[in-house]
Amino acid sequence: MTASLSLSQARRIALAAQGLAKVRPTGPVTSRAAGRTFAQLQLVQIDSVNVVARSHFLPFFSRLGNYDPRILQSMAGRSPRKMMEYWAHEASFIRPEHFHDLLVWQKRAWVGAHRLDPAVRQDMEDRILTALAAGRPMTASEVTAKLGHDENPDRDNWGWNWNVVKRVLEHLFEEGRISAATRTAQFERKYTLTSRVMPRVPPPAVDAEASLDRLMDAAAQAHGIGTVRCFSDYFRTPLKAGADSVRRLVKAGRLEPVVVRGWNRETYKHVDARLPRKATGRALLSPFDSLVFERRRLEELFGFHYRIEIYTPAAKRRFGYYVLPFLLREAIVARVDLKADRTSGQLLVRSAFGEMNAPADTAVELAAELRLMATWLGLQDVVVWPVGDLAGVLSEAVAKGDDAPEERVQPGSPLRGEPGTVALVSPVD
């Protein structure tokens, strides 16, 4: 008999699967805790937008609180690596065990190298691979200089000012022959041979169906509950093949069909999914957080309609430029447009809007979360602009400060760049 779940139960399953159902840990955040969080999420999207912090730092803050981001540098930069870069949902940090499966199913020939003359591309591939094999990891500009390549870049290449070297580097990255060893303070990839990034992860025998089943199983674990579209969207694998994979996973006992009352879509729960009695978490969510990847699922689960308005002209934006949803217990109750102003040492709340039926303690809990984020970012103040229906009461809650819930601030290093490492936070224009 197919299990029947309420919407509240579905929400709690989804939040537990994403590590957002419980109050954050109270002690210092260790590398082991960060590793467990990443293993639970399976992937973290990378984006260059740095209005608050680099997007891949925020999901760990949402789940762990005030942590030292150098932990992530260690996870992504030391052997054996727990994270590596590749294409998944978008450009992402992935678990290394997913790399070979993604090679089978990620087909992104969009960088323009496939348009090059085959002889030109092959010559450039050989020269790049020889240069990377002989030395340290290099950025595209460093490889260009190493090869003595002189070229006016193709300015019509989808708006990117990429020369042939960069286009071929990205082609080799897509093919899995080279990888990112780290990133610079300017967020540029430093390329190296993939064999140097993951020497201990042997490729499995090529079996496309088995590869997809592993990816869909991992996506279902990260969702807890969802549809074929939800699971396929997580690693951006084909929908039709995903439906076949779900049928195989159901047959294998990894997924079970369920009914969520009020939904009219075929829904599945992972066999390992947990249903907590209640959700007690609190978190500001990055626009690129994995909980908000699939917008239809987000709206069906939480009644929360969400769009990123970064590319919307300012006059047409409803809520702001870089808007973070605010999760409180098992509901998304508000949204805030944030900016870390590092020159003034302020976390700016440029707008604050409450959702319908937001609970009475929304502003107080959000104020506590904003102060915690400011501490993590190394900022001294939270400043609320008078924009949005929640702004007035939020400003009062921030000002009261001592009356807010305990923030459980943990020792850790605020976000700062260091010579020779990834820039944890760089100035925002």
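The lining of the largest cavity, by class, has four nonpolar residues, two polar and three charged. Here Ala, Val, Leu, Ile, Met, Phe, Trp, Tyr, Cys and Pro count as nonpolar, Asp, Glu, Lys and Arg as charged, and the others, Gly among them, as polar.

This is a predicted model, where local features need pLDDT of at least 70, side-chain atom pairs count only at pLDDT 80 or more, and totals for chains, interfaces and linings use all residues. Residues are numbered from 1 along each chain as its sequence is written, and side-chain values use heavy atoms, with hydrogens and water left out.

A cavity is a set of points on a 1 Å grid over the protein atoms alone where a 1.4 Å probe fits but cannot get out; lining residues have an atom within 4 Å of a point. The largest one holds about 40 Å³ of space, the volume being that filled by probe spheres set on the points. Its lining includes His-223, Ser-290 and Arg-297. Helix H11, residues 228–235, gives the most to that lining, with three residues. Helices are DSSP runs of H or I, at least four residues, and strands runs of E, at least two, numbered from the N terminus.

Now helix H7. Its buried residues (under 20% relative accessible area, 1.4 Å probe, protein chains only) are Ala-140, Val-143, Thr-144 and Leu-147. They cover an arc of only 100 degrees around the axis, which puts them on the same side of H7. The arc is taken from the directions from the helix axis to the C-beta atoms. Ala-145 and Lys-146 are exposed (over 50%), on the face turned away from the buried side.

Key: 1 Å grid on protein atoms, 1.4 Å probe; cavity = no way out; pocket = protein on both sides within 12 Å on 5 of 7 lines; lining within 4 Å.
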